[in-house]
Number of protein chains: 2
Amino acid sequence: MASIKPSVPKGTRDFSPAEMAKRNFIFDTIKSVFRKYGYQQIETPSMENSSTLMGKYGDEGDKLIFKIINSGDFWSDAESKKQKTEGFEFSAKSLLPIISEKALRYDLTVPFARYVVMHQNEITFPFKRFQVQPVWRADRPQKGRYREFYQCDADVVGSPSLLNEAEFVLIYDEALSKLGLKDFSIKINNRKILSGIAEVVNKADQIVDMTVAIDKLDKIGLEGVSKELLERGFTEENIEQIKPIILLEGTTEEKLASLRSVLANSDVGLKGCEELETVFNYLKSFTMQNGKVELDITLARGLNYYTGAIFEVKTNEVQMGSIGGGGRYDDLTGMFGLKDLTGVGISFGADRIYDVLEELKLFPEATSQSTQVLICPFDAEGEAYALPLLQQLRNKGINTELYPAGAKIKKQLDYANNKAIPTVIIIGGDEMVTGQLTVKDMVNGTQQKLTVPQIITKL
Amino acid sequence: MASIKPSVPKGTRDFSPAEMAKRNFIFDTIKSVFRKYGYQQIETPSMENSSTLMGKYGDEGDKLIFKIINSGDFWSDAESKKQKTEGFEFSAKSLLPIISEKALRYDLTVPFARYVVMHQNEITFPFKRFQVQPVWRADRPQKGRYREFYQCDADVVGSPSLLNEAEFVLIYDEALSKLGLKDFSIKINNRKILSGIAEVVNKADQIVDMTVAIDKLDKIGLEGVSKELLERGFTEENIEQIKPIILLEGTTEEKLASLRSVLANSDVGLKGCEELETVFNYLKSFTMQNGKVELDITLARGLNYYTGAIFEVKTNEVQMGSIGGGGRYDDLTGMFGLKDLTGVGISFGADRIYDVLEELKLFPEATSQSTQVLICPFDAEGEAYALPLLQQLRNKGINTELYPAGAKIKKQLDYANNKAIPTVIIIGGDEMVTGQLTVKDMVNGTQQKLTVPQIITKL
């Protein structure tokens, strides 16, 4: 067989043992916090029926969904369609629904909605679920953007209580603090406040234009935002009205007071203020770890989707886009015929969190996932001598390897170094005679002679 | 939007929280044992280049690989191919390589081989890796056969030592014992013995016919095997020669002695005996838990692949096909141009193990993955009262939920029951006045009044 120079498809990645240990550190930490807050794991299939996915992410999204070609003779289906359908012309668009019935999931949200509707009779509501699985997007790959990547979502459906919003703030705080982050902001806004602002300037139908503009405050400043609002059809007067909201400063109480006065004539706006206040009141009963909660009314994120709270998380330690986000949506399952089920959820950006922890050197040196001891025999006799010790150490729960006989000690020590194994036990002729084994600390290079019971005590 | 009755593609499954807890119990147990023996986790992308996968599993295998359709205008590529290529006719077969460049992995072995070749300069050999990821096959779905299922593999490449074979026996023993199995057989054979048998009856070129026949001994008995061997061109004399091997009985030592005498004229056969003896000698130094090792020369499994040891694991507690298997192969990476790298590996059949544990009721009742305490407030006042308690319990590492105010206690207790939450704390008016909270044991139905410090001590 001709030899093929192997590669992976662009935008996809292999994960080495060292990378997996780091990724597991992130996922295990987040999962343990989800569980502490009562969220339960589900998994859904990688492939969904195309009808489940198509049309849920807009035309652009549809193009980015990876489609799976039907098995067997897909072409005869296409030909028979052409014969039966007057005016049918072959094209990618016309062929796609005929030759492909399944597609890879694009996110975890639509499959979750499908899951809730399909299993509604088995589910106890409120249903608190989390899901950590890969998703696939046929996006142009670039730095930090992949065609296969893990999403890490928690949602609760069937509970309108704002306690859920407060708990998501706590989940972000606890998980990111546990990962070692020292300074991060959990920004919170409410879609109803954005609706209220659009309402008081009589531009309710232009809420998207408005929020797209003010969302850029960070990047383009007030002047830039004003210019963009003008271009998008807002008047100077509108901008004067909005300005105090955009530049909102002070404590949360002060911000809410300002908002209430500006939004005095908007029921929906005042409702948004009330919801935010309730969330902040809940949070007063809890001690946060390293996160800071901030009311940020410029926060919009996927506006058409959210109906209440909107979350976004950013680290203040390194330059990086948001490492988490989410919000409340009132009709997630409506697309599958189950109406009026309210939900709220958050997501962790695992790949970005990975980059942040790497840059801040926050990954633990060794983990319980690594080998702790390597036994290095000089020869086959040493190997035989080592077998009972190998089992004793493992019985104590110590991850232990025995290097098979036949390799030089130098090679065995290199192996230990490359695998970052902290302790090696060397077994040569002397050691077998005296029962005093050479124990080498691979971190500081020291070594000592110890008996097997002494070794077990030490480890 | 029209409502769609949602479903999943045939042969795929959703996993509910209860199922996930059980699946995690299996995967976490196996992973922890892999790690204890020095195996490190890797992950490879779900999709591989078609050139990586196609041709590796035979013609039938190729058909079962799920292909991903190229994004964008795949049809114009097909048309341009037709224009440029004389005699090109549209068909599923001719179109496939043009409109699809990527496919979903079919197993973990070929991607692992690709990984080893691609990363050979970063890898320290011997390379001990494990991998737990889904694979996809366009097989006809039936009971116990899915189109998406997890494989759970460990392999070591670059080490010819038979210590690895012995350690895989120990890994099976420890993992399956940890999962609660009380009686299972780890069967072991060696391809060289099968080659030797074929050699001594002068049918070396018919080794596949021979092993396919004797592999059926369990099902069709000696008479059936003899009949099949005759049909496949073996003589009565051949069968007389093979019979003592097929009916091999006694201890491992006795079996090996019989084999040695029958295979006295076959170098390869004797080499197989020697290898098996070495593995059994290694195992004498270890105490096995609940597994029994058995030499079984009828064991063949994917013969063309394996070159040395062959493993298969069966439970003796319930009727079920093999729950694990593997073996040694001498040229895994040759297909990608890296020659002569020996490897040996095993696989756990997670779906079958799931069914076995379910049938034997071996899944743990509650796990650390479930909520341990539900706090049930009568009203908003009780909810506010509960907030500090909620945080205290979580700070102690106890998975705790607070049911949001507004639901009747009956509904809250149903929620606890459905989620199998063992303890609920009820907070009503009396409780807030006295500080004595009602703690209900949901398993036996008893309840008592306790203060917060008492609750924390109790839990």
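**Figure 1. Surroundings of Tyr306(A) in the predicted model.** Apart from neighbours within four places in sequence, Tyr306(A) is in contact (heavy atoms within 4.5 Å) with Arg191(A), Arg301(A), Gly326(A), Gly327(A), Arg328(A) and Tyr329(A). This is a predicted model, in which local features need pLDDT of at least 70, side-chain atom pairs count only at pLDDT 80 or more, and totals for chains, interfaces and linings use all residues. Residues are numbered from 1 along each chain as its sequence is written, chains are lettered from A and ligands numbered from 1 in the order in which they are written, and side-chain values use heavy atoms, with hydrogens and water left out. Tyr306(A) is located in the loop between β8 (291–295) and β9 (309–315) of chain A; helices (H or I, at least four residues) and strands (E, at least two) are DSSP runs, numbered from the N terminus. Its relative accessibility of 12% makes Tyr306(A) buried (buried is under 20% relative accessible area, exposed over 50%, partly exposed in between, with a 1.4 Å probe and protein chains only).

**Figure 2. Arg137(A) among the annotated positions of chain A.** An unreviewed UniProt entry lists as "binding site" the residues Asp107(A), Leu108(A), Thr109(A), Arg137(A), Gln151(A), Asp155(A), Arg301(A), Tyr305(A) and Tyr306(A). UniProt positions follow the numbering used here, feature names are shortened, and annotations may be inferred rather than shown by experiment. Arg137(A) belongs to the loop between β5 (127–136) and β6 (148–157) of chain A and is buried, at 18% relative accessible area. Not counting residues up to four places away in sequence, Arg137(A) touches Leu64(A), Phe66(A), Tyr106(A), Asp107(A), Tyr146(A), Arg147(A), Phe149(A) and Gln151(A).

**Figure 3. The interface of chain B and chain A.** Contacts involve 96 residues of chain B and 96 residues of chain A. The area buried between the two chains is about 8,700 Å², with carbon and sulfur atoms giving 59%; Lys36(B), Glu43(B) and Arg394(B) supply 8% of the area that chain B buries against chain A, more than any other three residues. Buried area is the accessible area (1.4 Å probe) that two parts lose on being put together, summed over both. Six salt bridges are counted between chain B and chain A (a side-chain nitrogen of Lys or Arg within 4 Å of a carboxyl oxygen of Asp or Glu). Among them, Lys128(A) pairs with Glu401(B), the closest N and O atoms being 3.1 Å apart. Helix α15 (residues 380–395) of chain B provides six residues, the largest share of the side of chain B that touches chain A.

**Figure 4. Ser46(B) and its partner Glu148(A).** The side chains of Ser46(B) and Glu148(A) are joined by a polar contact of 2.5 Å; the term denotes a pair of N or O atoms within 3.5 Å, where within protein one must be able to donate a hydrogen and the other to accept it, and residues adjacent in sequence count only if both atoms are side-chain atoms. Ser46(B) lies in the loop between β1 (40–41) and β2 (47–49) of chain B and is buried, with 4% relative accessibility. Beyond neighbours within four places in sequence, Ser46(B) is in contact with Trp136(A) and Glu148(A), and with Ala103(B), Leu104(B), Arg105(B) and Trp136(B).

**Figure 5. Salt bridges within the chains.** The structure holds 52 salt bridges over all chains. Lys292(A) and Asp183(A) meet through their side chains at 2.6 Å, N to O; Lys292(A) is in strand β8 and Asp183(A) in the loop between α7 (163–178) and β7 (184–190) of chain A, so the pair ties together parts 109 residues apart in sequence. Both residues are partly exposed, Lys292(A) at 41% and Asp183(A) at 25%. In chain B, Asp351(B) and Arg13(B) form a salt bridge with closest N and O atoms 3.0 Å apart. Asp351(B) is in helix α14 and Arg13(B) in the segment before α1 (17–36), 338 residues apart. Asp351(B) is buried at 16% relative accessible area, and Arg13(B) is buried at 16%.

**Figure 6. Backbone details at Pro126(A) and Asn202(A).** A cis peptide bond, with omega of about -5 degrees, joins Phe125(A) to Pro126(A), and Pro126(A) is in the loop between α6 (109–118) and β5 of chain A. Asn202(A), although not a glycine, has a positive phi of about 60 degrees. Asn202(A) occupies the loop between α8 (191–200) and α9 (207–214) of chain A and is exposed, with a relative accessible area of 69%.
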